[in-house]
Amino acid sequence: PSNNEPPHCGVASVECSIYGSFYENLPVASNMKEFEMIVSKSDVTGIQKCCKRLVQISPKDTTSGYELTIRTNSQGYVSIPGYVRSETSERFVKSVEEIVIQVDRESQSTEDSVSLENETREMTVEPNMTDTSNRQQPFTSNSSMDKSLTSEPADEMRTNSKISLVSPRPELCSNETLRLNVKGWRRSNYAEALIFFPGYNSSLKHSLEVLGQLCALMRLPSYIKPFVFAWPAGTWFSYRHASKAAASERNGTSFSLLLDGLAAEGIHTIHIMTHSLGVQAFMNLMMDNRDGTPSMTSSRFISQLRRKETEGSSSLAKNEEQFFLKSVLILNPCYPLNAFLEHGYLSLRAVSNNITILGNRKDLALFFAEVLDGIMNWMKISQPAVLNWNGIENVGLAKQLVIGKQVEMLYVTDRSQILGNSADKLNGGISLDDLFLKTSTDIIEKGNKHWLDCDVIDTTRLESNIQGLKHSYFNLNPIIVKDFRELFTTGKRACERASLLHRQGNIFSYCQAPSVVVSK
């Protein structure tokens, strides 16, 4: 999208460093104009064509037929990524007693699969009675549209499923390419979308290269389709203008067209990733109306909180298929702390209960943004409404603190503060208990801190692959890349991901010792 031209969509190829050495000329994006098409309300077929042309290099692709992953969760649901039940077309089954895996010749169809007479190995997973009621549990949708399974099998997961593995005859393994199939299941075209909002002064080419390198190192599964929402991010000396461009109505129209195209392709599960100033573009789309009702964009996502709805938003939910916002990943966000506590967090939490904020207390780019925004506010230079909060006009000359740098301040001392001045939100059915961590020793010990129900990752102590500004490093640091993959593929919260250490409240840090620490 831009201020003057209609939105375009297209497919680009990004050559990245994956094996061997890291090369100075990589990543590099090319073929950016080859499939470019204009998108309009009456024609979103361009986005559908882009989805079909997206090809990712993924050595461990669970939908290829050469590898199968069987997942269960604590609610007793079983799923096989890339497959649905043949009879019901369901992706998640609760009453399954066994899963039979067949090894077939690649040239044969499922109906002509080879009769396998070898010994069948049976494995029964008995329920583990470990109490997990006090742990943060990721959301599992019960709607027929998504029902996204958000966790992989683990010791504490409960299941009574019996899995039968059928082995091939030895002679079939010679000079044959074999494929795995599941009896009673069929392959599906299920897909998810990862939408990236780049930051300030990010050109389309640079944004594609950043996302491409991240997807390559993550080995992003092919069922997750990456997109760049290239909003007009400004250039040098246009910082406040970029903030206003992030809040423009044209961004909302263009994003709505993107959702229309994804829905036409059958994609209804969305991951959002923003960097730096890109969070302002996304937050403007999700910002609730003054009366507490969801915005037009927010109403297109399945609500995670009970809220009152206007007549317009109710009809929208009936006439259009809604989306499931599986995760929101906010990287080094340039968004005012006070505005986030007053209205921004509630707008996000209403549509997703898997919110991750990654920041750095030594981020120099955000430090300069805090100072510059504070000066411009003092000079009465207006900023978009999505960045304002009650009492901003009385602040005077002071830094405008942002959440990407103040990662240890995402809590409130008065729980009603999270609702701002709109008491109608409580009348809409929102429970304050849903907005804060339900179990936290910090709340018991300190009493005056109510931590927001989101995961905050403090990267201040990370040192490798981080440049001087400490602002853009997420697509190269190996421990961060590994954690992002686990977040996108499993939907686990920070307390369940292996690479994170819990510090206090909702704050985590990565399990990586500083470079000065060595073994004795």
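User: Hi! How many residues does helix α11 have, and how far does it reach from its first C-alpha to its last?
Analyst: Hi! Helix α11, residues 478-490, has 13 residues and reaches 18 Å, close to the 18 Å expected at 1.5 Å a residue. The expected span is 1.5 Å times one less than the number of residues. Helices here are DSSP runs of H or I with at least four residues, strands are runs of E with at least two, and both are numbered from the N terminus. This is a predicted model, where local features need pLDDT of at least 70 and side-chain atom pairs count only at pLDDT 80 or more, while totals for chains, interfaces and linings use all residues. Residues are numbered from 1 along each chain as its sequence is written, and side-chain values use heavy atoms, with hydrogens and water left out.

User: How many residues of α11 are buried?
Analyst: 10 of the 13 are, so α11 is largely enclosed by the rest of the structure. Among them are Ile479, Ile480, Phe484, Leu487 and Phe488, but also Asp483 and Glu486. Buried means under 20% relative accessible area, exposed over 50%, and partly exposed in between (1.4 Å probe, protein chains only).

User: And what share of the protein is buried?
Analyst: Buried residues make up 52% of the 520 residues. The protein has 11 helices and 22 strands.

User: Changing topic: in what order do the strands of the open sheet come?
Analyst: The 8 strands run β14-β13-β15-β16-β17-β20-β22-β21, with mixed pairing. The edges are β14 (224-228) and β21 (500-504), each with a single partner strand, so one side of each has no neighbour in the sheet. From one strand to the next, the twist averages 25°. Two strands pair if DSSP finds at least two bridges between them.

User: How many bridges join β13 to β15?
Analyst: There are 6, and β13 (residues 192-197) and β15 (residues 269-275) run parallel.

User: Which strands does helix α2 touch?
Analyst: Helix α2 (residues 204-218) packs on the sheet against β13, β14 and β15, and its direction makes about 160° with that of β14. Axes are lines fitted to C-alpha atoms, for helices over the stretch in contact, and angles run from 0 to 180 degrees between N-to-C directions. Contact means heavy atoms within 4.5 Å.

User: Are the faces of strand β20 covered or open?
Analyst: Both are covered: Asp455 and Ile457 on one side and Val456 and Asp458 on the other are all buried. Strand β17 (residues 355-359) runs parallel to β20 and is joined to it by 4 bridges, with Leu358 partnered by Ile457. β20 also pairs in the parallel sense with β22 (residues 507-510) over 2 bridges, and Val456 stands opposite Ile507 there.

User: Back to helices. At what angle do α5 and α7 pack?
Analyst: At about 75°, with their axes 9 Å apart. That makes α5 roughly perpendicular to α7, a label for 65 to 115 degrees (under 35 is roughly parallel, over 145 roughly antiparallel, the rest oblique).

User: Which residues of α5 and α7 meet?
Analyst: Phe282, Met283 and Met286 in α5 meet Phe340, Gly344, Ser347 and Leu348 in α7. By class, that contact has 5 nonpolar, 2 polar and no charged residues. Ala, Val, Leu, Ile, Met, Phe, Trp, Tyr, Cys and Pro count as nonpolar, Asp, Glu, Lys and Arg as charged, and the others, Gly among them, as polar.

User: Last one: where is Tyr19?
Analyst: Tyr19 lies in the loop between β2 (13-15) and β3 (28-30). At 56% relative accessibility, Tyr19 counts as exposed. Tyr19 and Leu217 are 198 residues apart in sequence but 9.6 Å apart in space, C-alpha to C-alpha.
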